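Hi everyone, thanks for coming. Have the sequence and the 3D view open while I talk, and click along as we go.

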Amino acid sequence: MSTTVSFPVPTPRGPEDVTVSYARVGHGEPLVLLHGIGHHRQAWDPVVDILATEREVIAVDLPGFGASPGLPAGLDYDLPTTNSVLGALFEALELDRPHVAGNSLGGLLALELGREKLVRSVTALSPAGFWSEAERRYAFGLLLTMRGIAQRLPLPLVERLSRSAAGRTALTSTIYGRPARRSPEAVVAETLALAGATGFDATLQAGTTVQFTDDLSGIPVTVAWGTRDRLLVRRQGIRAKRIMPHARLVRLPGCGHCPMNDDPALVSRVILDGSR
């Protein structure tokens, strides 16, 4: 069950209140889950119950996505601002250096939190920021196309398409390696989340200059990539390993860009192993 928390975030003109929606379940060391651009915290639903057997799991809707309202006017959707927001969120929820796992944009944010020593471990699933310029343009073009389709499709058509495996494949094959496994209800909800994400455009614009180049040392880092990732192609994982030679690089056979639904057991094991 989701709830919200509001907390002040420092800005050059003084503190601004930010509100974040999240769900919290399980027992053990805290583990924060961060979704990708245009998605919502329900992307993690296939693995939450497994993770909650060993961790207190906090799945977050990033500002401007899912049920979280956008950032206050004047706050940018860039990495420094998002770092400040997530750091303030940890304080508001009384999380002392939690483990963090993120997918896509969330993977990049998880790595940024690791760079700032705000977390105990990082598991990044197909993280953004290890692209070439051509790969970034390709990924951003796909994202914009997906967003445009989600905004133009009438809800009754989305619901009708989601009832068949072929329809779910048409709607979500860009991000899932096994799209037919996604439930009809989840496909409808994430299509609406993509269409209505108020932070999408500003976040995508902020990402045009992002390149992760830091070798994280001193904390455990796991980078995992699906073999069927069509959005951020898997050779970017090799690039991430070169930049972070101490990181563990894991291959996710048969998984797409959002691997949590493609193989929940494997992804859960990777995250739990990475946070031990």
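Let's start with Leu-109, which sits in helix α3. Keep in mind that what you see is a predicted model. Is Leu-109 buried or exposed? Leu-109 has a relative accessible area of 2%, and anything under 20% counts as buried, so Leu-109 is buried.

Who does Leu-109 touch, once we skip residues up to four places away in sequence? The answer is Leu-34, Leu-62, Leu-79, Thr-82, Asn-83 and Leu-86. His-35 and Leu-109 are 74 residues apart along the chain, yet their C-alpha atoms are separated by 9.5 Å.

Stay in helix α3 and click on Gly-106, which also lies there. The relative accessible area of Gly-106 is 0%, so this glycine is buried. Leaving out neighbours within four places in sequence, Gly-106 is in contact with Leu-34, His-35 and Gly-36.

Next up is His-99. You'll find His-99 in strand β5, which covers residues 99–103. His-99 has a relative accessible area of 4%, so put this one down as buried. Which residues does His-99 touch, again not counting those up to four places away in sequence? They are Glu-29, Pro-30, Leu-31, Val-32, Arg-55, Arg-120, Ser-121 and Ser-275.

Glu-94 isn't a glycine, but its phi is positive, at about 60°. Where is Glu-94? Look in the loop between α2 (79–92) and β5. With a relative accessible area of 74%, Glu-94 is exposed.

Lys-117 is another one: not a glycine, and with a positive phi of about 60°. Lys-117 lies in the loop that runs between α3 (105–115) and β6 (122–125). Its relative accessible area is 42%, so Lys-117 is partly exposed.

Helix α5 is residues 155–162 and helix α7 is residues 184–196; they pack at an angle of about 145°, and their axes are 8 Å apart. The crossing of α5 past α7 is right-handed. On the α5 side, the contact is made by Leu-155, Val-158, Glu-159 and Ser-162. On the α7 side, you have Pro-184, Val-187, Val-188, Thr-191 and Leu-192. Sort the residues of this contact by class and you get 6 nonpolar, 2 polar and 1 charged.

Finally, zoom out to the whole chain. How many helices and strands does the protein chain have? There are 10 helices and 8 strands. The radius of gyration is 17 Å, close to the 19 Å that the globule rule gives for 276 residues, so the chain is as compact as a globular protein of that length. Its C-alpha trace spans about 45 × 40 × 40 Å along the principal axes.

Of the 276 residues, 55% count as buried. The chain exposes about 11500 Å², and carbon and sulfur atoms supply 53% of that.

Notes. Residues numbered from 1 in each chain as written. Predicted model: local features only at pLDDT ≥ 70, side-chain atom pairs only at ≥ 80, totals over all residues. Heavy atoms only, no water. Axes fitted to C-alpha atoms, helices over the stretch in contact; angles between N-to-C directions. Helix = DSSP H or I, 4+ residues; strand = E, 2+ residues; numbered from the N terminus. Left-handed = near helix turned anticlockwise from the far one by under 90°. Contact = heavy atoms within 4.5 Å. Nonpolar A, V, L, I, M, F, W, Y, C, P; charged D, E, K, R; others polar. Rg over C-alpha atoms; globule rule 2.2 N^0.38 Å. Buried < 20%, exposed > 50% of the residue type's maximum accessible area, 1.4 Å probe, protein only. Areas by Shrake-Rupley, 256 points an atom, 1.4 Å probe, with all protein chains shown as cover.
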